[in-house]
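Biologist: I am new to this structure. Can we go through it step by step, please?

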Amino acid sequence: MLEVAFRRAFPGLSLDVAFCAPAGVTALFGPSGCGKTTAVNAIAGLMRPDSGRIALDGRVMFDAKTDLPPQARRIGYVFQDARLFPHLSVAGNLRYPSRWRPGAARDFDRIVEMLALGPLLRRRPAALSGGERQRTAIGRALLADPALLVMDEPLAALDEPRKAEIMPWLERLRDEIHLPILYVTHAVPEVLRLANTVVLMRAGRVRHAGPLAGILADPELAPLLGAREAGALIHARVTTIEPDGMVRAATSAGEMLLPGPLPAGRALRLRILAHEVILSRAAPLGLSALNVLPVTVTRIDGGLVQLALGDERMLAQVTERSVKSLELRPGTACHAIVKSVSVLPS
């Protein structure tokens, strides 16, 4: 668990940052200039706060009496621009941390295999693509034997094809390297694919911190991710493959039909946007929509209706006229007609 609570005043911006980051990927999300990079620099020891406390698994890195230097904090830092040593090969860059952490070399072969860096080991950074440079930078950070991995907008400098190339490696990193990861971004797709927890920042302050699914399905918080990002992130698992190639997936509210191919047993995260949900008080008949879920209204905020489906929450975006005509209120049972679903790897 990473515990962060500090303040730092700058001309034009005062940082007042407080959050806890559990195991998994915590996305530090917000617009440019809100203080995300400055916050992670304070955590890494590259910027000294005016006051506060920063601790990782109970080990204090900064408080009124302690200010560990960066090299003593055991934080692997992946910058936006990779920052590889141009005179060293990929192998030389990867082995560089072993100069001060001799034990780091023991994981060399595993990290090279995990990030598919074997064919690149003799190349210099100038001969690498943007995605290959970032994979090398990630490998070097991991070989520093970190207790925490910080990634500061690692995809921001890449074009879309390179982003698509490196995203599976980031997912594998999340699933196979059991480290807490603090991931700075202002890109919602990256948050959706990678994060377990989200810290929402605005103007130097944390607006909210909590599980990703809870933020997406909160009528007040979801708009902070973007005007059209409100919705749900539902966990599911493929149970059956249908003869026509579609699959059935079990959710906490029942089965859903999804486009295949997907293997039986695959864990999924289903992205359902609020504007892709229609509500009906009665069980609908004769629809082309394949997924109709029984839900209960839990909260109404203007045109955003929060719904409980099993143990999870989702949103429907409807007009206030519809709220009145359907007589919706907390506790109302109804049916959610899902027009489309995006399938994300779990």
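Biologist: Which side chain does the side chain of Thr185 join in a polar contact of 3.1 Å?

Modeller: Keep in mind that this is a predicted model. The polar contact of 3.1 Å joins the side chain of Thr185 to that of Glu190.

Biologist: Which backbone nitrogen does the side chain of Thr185 reach at 2.9 Å?

Modeller: Thr185 lies in strand 8, which covers residues 181–185. At 2.9 Å, its side chain reaches the backbone nitrogen of Ala187.

Biologist: Is Thr185 buried or exposed?

Modeller: The relative accessible area of Thr185 is 1%. Buried means under 20%. Thr185 therefore counts as buried.

Biologist: How many Å apart in space are Thr185 and Ala64?

Modeller: In sequence, Thr185 and Ala64 are 121 residues apart. In space, C-alpha to C-alpha, the separation is 30 Å.

Biologist: Now another strand. Which residue has its backbone nitrogen 2.7 Å from a polar atom of the side chain of Asn291?

Modeller: Asn291 lies in strand 16, residues 291–301. It is buried, because its relative accessibility is 6%. Among the residues Asn291 touches are Met256, Leu257 and Ala336. The backbone nitrogen at 2.7 Å belongs to Leu257.

Biologist: Which residues touch the most other members of the largest nonpolar core?

Modeller: That core has 48 residues. Four of them touch the most other members: Ile138, Leu142, Met151 and Leu173.

Biologist: How many residues are in the other core, the one with Leu2 and Phe62?

Modeller: This core lies apart from the largest one. Its members include Leu2, Leu15, Ile43 and Phe62. The count is 30 residues.

Biologist: Step back to the whole protein. What is its radius of gyration?

Modeller: The protein has 346 residues.

Biologist: What share of the residues count as buried?

Modeller: The chain forms eight helices and 20 strands. The protein exposes about 15,700 Å², and carbon and sulfur atoms supply 52% of that area. Of the 346 residues, the buried share is 49%.

Biologist: What share of the contacts with a separation of 6 or more comes from residues 24 or more positions apart?

Modeller: Across the protein, residues 24 or more positions apart account for a share of 67%.

Methods: Residues are numbered from 1 along each chain as its sequence is written. This is a predicted model: local features need pLDDT of at least 70, side-chain atom pairs count only at pLDDT 80 or more; totals for chains, interfaces and linings use all residues. Side-chain values use heavy atoms; hydrogens and water are left out. Helices (H or I, at least four residues) and strands (E, at least two) are DSSP runs, numbered from the N terminus. Buried means under 20% relative accessible area, exposed over 50%, partly exposed in between (1.4 Å probe, protein chains only). A polar contact is a pair of N or O atoms within 3.5 Å; within protein, one must be able to donate a hydrogen and the other to accept it, and residues adjacent in sequence count only if both atoms are side-chain atoms. Contact means heavy atoms within 4.5 Å. A nonpolar core is a set of buried Ala, Val, Leu, Ile, Met, Phe, Trp, Tyr and Cys residues joined through side-chain atoms within 4.5 Å. The radius of gyration is taken over C-alpha atoms; the globule rule is 2.2 Å times the number of residues to the power 0.38. Accessible areas come from the Shrake-Rupley method with a 1.4 Å probe; for residues, only the protein chains shown count as cover. Lists of a residue's contacts leave out its neighbours within four places in sequence.
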